[in-house]
Amino acid sequence: MDPSLSALLPYLTCATRPTAWFADENALAVSFNAGDAGANLTAFSNRYDVDQRLRRLGVRSHFCDFDAAALQRADYTSVVYRISKEKPLAHHLINRAYRCLDAGGRLVLGGEKSEGIKSYTQKAAALFGSPAALRKHGKVYIGEIAKAAGANPDQAAWLDDQHYGDLRPIARLDGHTLYSKPGVFGWNKVDAGSALLIDNLQAALETLPRPPASLLDLGCGYGYLTLASAAIGAGRRVATDNNAAALAAAGHNFRSAGLAVEVTAGDCGDRLTERFDLILCNPPFHQGFTVAGDLTDKFLQAAGRLLNPTGLALFVVNRFVPLPRRAAVFFRRLTPLADNRSFSVFALAQPRT
Ligand SMILES: C[S@@+](CC[C@H](N)C(=O)[O-])C[C@H]1O[C@@H](n2cnc3c(N)ncnc32)[C@H](O)[C@@H]1O
């Protein structure tokens with residue numbers, strides 16, 4: 001388990017007063033018994049797989065993008081937060097913690113020096129109007145900051161979250177503006193691997209006996225692959241991701257492009273039961289503490305389960321991911337479609353399941 005979360009566990013398992021836990025991807029491998037503290041503990045997670053795991057551990061959990069609507073209560077006695085990798089999110093959550101806590105309530109931060117825990121703790125102390133206590137547990141630091149009664153932070157004390165909650169234009173595609181936001185993987189650009197997949201889409205479709213009637217965007221992010229393949233006249237389109245910010249951005253982009261797409265949360269499409277004629281996928285390379293290979297297998301397995309026996313799954317991966325070997329477990333046919341110095345695109349067919 002992540003050492004910073006291990007150091008924070010006592011604050012979660014001994015919650016005797018209302019405690020909010022901001023749990024991002026770092027909490028994926030968390031393991032503990034919520035026990036009696038469970039009644040006082042409420043988790044908020046932007047990751048569907050984390051949310052589901054916490055529920056299984058007996059924690060009341062909400063899947064959300066840490067937005068104001070989800071975090072309405074302002075009377076928590078504690079907020080526990082293992083700092084995120086992404087700075088705008090970390091700043092957003094420290095600001096959010098201030099709003100969620102009642103006077104005298106405390107924020108408990110955990111993280112390592114190289115992740116900026118000291119600086120986050122100092123910034124939180126300035127916002128909260130009281131000194132921070134910082135303690136070292138091995139290589140992990142725990143910072144505790146109480147919210148001063150009657151504090152009224154001036155504008156300069158709020159941490160710059162780059163308007164974390166707001167969608168913003170990032171690119172143009174076929175006459176439409178694409179919107180995205182911090183919190184979405186690679187949020188501010190078109191992924192070069194995904195662009196390579198789309199460049200090879202038409203040629204791949206020509207190998208099919210008929211145009212695909214259904215399309216699944218597996219790990220859809222802000223929806224690029226679905227939007228860039230809109231010219232395919234698929235009657236049914238589904239886009240799924242495990243990240244709340246990605247789902248919000250994708251939904252917005254599909255609506256503004258006038259494209260009918262069912263957007264659904266899931267861990268590699270685990271809630272989907274139908275099969276699709278075409279699956280488009282750019283699986284994540286690194287995520288949290290999981291190694292890339294495990295995730296590639298997980299996405300391949302999901303594609304094998306969700307692809308029609310006569311359908312096609314297009315995958316783009318970093319060039320050094322040994323996709324042919326891994327895909328052979330789940331598909332009988334693999335065709336290399338394109339390769340540049342960074343990415344490879346493959347067509348997978350005839351799922352074994
Ligand atoms: C490399 S990005 C590709 C995003 C998008 N398809 C594109 O082309 O821009 C991988 C996506 O997979 C999502 N993801 C990671 N783990 C996932 C999981 N277990 N289930 C569903 N989606 C996941 C990430 O949130 C991210 O949006």
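## Salt bridges

R236 is partly exposed, at 29% relative accessibility (partly exposed lies between buried, under 20% relative accessible area, and exposed, over 50%, with a 1.4 Å probe and protein chains only). E274 is also partly exposed, at 28%. The two residues form a salt bridge with their closest N and O atoms 2.7 Å apart (a side-chain nitrogen of Lys or Arg within 4 Å of a carboxyl oxygen of Asp or Glu). E274 lies in the loop between β12 (262-265) and β13 (276-281) and R236 in strand β11 (residues 236-241), so the pair ties together parts 38 residues apart in sequence. Strands are DSSP runs of E with at least two residues, and helices are runs of H or I with at least four, numbered from the N terminus.

The count of salt bridges comes to 16. One of them joins R73 and D75, at 2.8 Å from N to O. E25, R47, D49 and K85 are linked in a network.

## Basis of the model

This is a predicted model, in which local features need pLDDT of at least 70 and side-chain atom pairs count only at pLDDT 80 or more, while totals for chains, interfaces and linings use all residues. Residues are numbered from 1 along each chain as its sequence is written, and side-chain values use heavy atoms, leaving out hydrogens and water.

## Cysteines

The structure holds zero disulfides (pairs of cysteine sulfur atoms within 2.5 Å). The sulfur of C64 is 9.9 Å from the closest cysteine sulfur, in C100, too far for a bond. For C281 the closest is in C268, at 7.5 Å, also too far. C281 is buried, with a relative accessible area of 0%.
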